[in-house]
Amino acid sequence: MEEAGQVSSEALANIRTIAGLANENSFVESYEEKLEPPYKSAKKRANVYGLCFGFAQCVIFMSNAASFRYGGYLVSAEGLHYMMVFRVISAVVVSGAALGRASSFTPDYAKAKSAAAHFFKLLDRVPKINMSHTEGEKWENFRGEIKFVDCKFTYPTRPDVQVLNNLVVSVKPGQTLAFVGSSGCGKSTSVQLLERFYDPDEGQVLIDGRPSLRVNVPFLRSQIGIVSQEPVLFGCSIAENIQYGDNTRSVSMEEIVEAAKKAYLHDFVMSLPNKYETQVGVHGSQLSRGQKQRVAIARAIVRNPKILLLDEATSALDTESEKIVQCALNEAMKGRTCIVIAHRLSTIQKADIIAVMSNGAVIEQGTHDKLMAEKGAYYKLVTTGAPIS
Ligand SMILES: Nc1ncnc2c1ncn2[C@@H]1O[C@H](COP(=O)(O)OP(=O)(O)OP(=O)(O)O)[C@@H](O)[C@H]1O
């Protein structure tokens, strides 16, 4: 049932893509296929329920029959008053019915027991990364210096593949570090270590010189702003969507407008009939990609993070949108440490450090000019587009 639910929710979330690919039938088939096993097991369960129900009814009627038979015998043979017989029969029948009803809950009891076991296991689970608001180091004057020191990492769900293999790279406060490399080389994983969605198996990530393992997680994340390739907007107004950037305080309308101006969004918003109160629709469906991206940038600006993560923020846009979003990003990047995961090399040429990754390690790093002069993997990538091996 759970798998069928996954298929249906995935299909509904991506309904346009599926309709565009004319792939509706295969999803319907897969949904029906996933429904088949729960249907079969529900049929089996129905038999058990039927038996239990039959047994429950049987107990009631049998106890009725036996009581009346024995009561009749006692009245005729032993001269018992019929009132006594009826009283006893009522007591026997009521308790028999209760027993029967209780037995019909037997299958539910087994289910409830295993559900409770799962539930308590979840409650008792201690996550490796402590999300407590009080434990771990917090400090004033967070600067945003980041160092990956010999980081090795393997995803727990895929223990046979080492994704990061001695990753060494660092970025000073206010600088921009761009990760470049072929798909699957570990760029996003490195960023996830910084955000502490995972911790490295070996080595460490130093933030302002402190090992990330010791840093308070909510504090760290409050210092990080993210603009990803597919910005997530909520089904509310533009102002509220920008406001969500910082829920630790109440963000004033002036700040929202200021952030929207920096994100090159203000003029567009003012051209709308309801201006900042315009509803963006579910997942921002009433805005174009570029507009959504600029709302996400304004949200990141309102947060005022010391570290800004840009995960391929312009790679899904056409050239015209890319230009304006890039201008907004340049504005948002000012005065912050930025980590950019880029596919379009043109957008990262001004980065202070370009780290070229291959198989979970940095194989070259430096500025665009330095790497071009070295004529290594980056040079090849820029001049011929050849993938980094
Ligand atoms: N949650 C996960 N569980 C298991 N393996 C994962 C998980 N996320 C990523 N991987 C694997 O880790 C490797 C590195 O993935 P990562 O997303 O860091 O690559 P990337 O360089 O960012 O790629 P891309 O440019 O395509 O986004 C890939 O082989 C990927 O399949």
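Hi everyone, let me begin with the ligand: the residues of its shell divide into three nonpolar, seven polar and two charged. Keep in mind as we go that this is a predicted model.

Who sits in that shell? Around the ligand you'll find Tyr 155, Thr 157, Arg 158 and Val 163, then Gly 181, and then Ser 183, Gly 184, Cys 185, Gly 186, Lys 187, Ser 188 and Thr 189. Helix H6, residues 187-195, gives the largest share of the shell, three residues.

Let's step back to the whole chain for a moment. The domain assignment gives domain 1 as 2-124 and domain 2 as 146-384. The C-alpha centres of domain 1 and domain 2 are 52 Å apart.

Now for some strands. S1, residues 146-154, runs antiparallel to S4, residues 202-207, and five bridges join them. S4 and S5 form a hairpin with two residues between them, and Asp 208 in the turn has a positive phi of about 50°.

Last stop, Leu 345. You'll find Leu 345 in the loop between strand S8 (337-341) and strand S9 (353-358). Is Leu 345 buried or partly exposed? With 15 other C-beta atoms within 10 Å, Leu 345 is partly exposed. Leaving aside residues up to four places away in sequence, Leu 345 touches Val 180, Leu 381 and Val 382. Val 180 and Leu 345 are 165 residues apart in sequence, and 8.0 Å apart in space, C-alpha to C-alpha.

Methods
Residues are numbered from 1 along each chain as its sequence is written. This is a predicted model: local features need pLDDT of at least 70, side-chain atom pairs count only at pLDDT 80 or more; totals for chains, interfaces and linings use all residues. Helices (H or I, at least four residues) and strands (E, at least two) are DSSP runs, numbered from the N terminus. A residue is buried if 20 or more other C-beta atoms lie within 10 Å of its own, exposed if 12 or fewer, and partly exposed in between; C-beta atoms are placed from the backbone. Two residues are in contact if their C-beta atoms, placed from the backbone, lie within 7 Å. A residue is near a molecule or strand if its C-beta atom, placed from the backbone, lies within 6 Å of it. Ala, Val, Leu, Ile, Met, Phe, Trp, Tyr, Cys and Pro count as nonpolar, Asp, Glu, Lys and Arg as charged, and the others, Gly among them, as polar. Domain bounds come from an automatic or database domain assignment. Two strands pair if DSSP finds at least two bridges between them.
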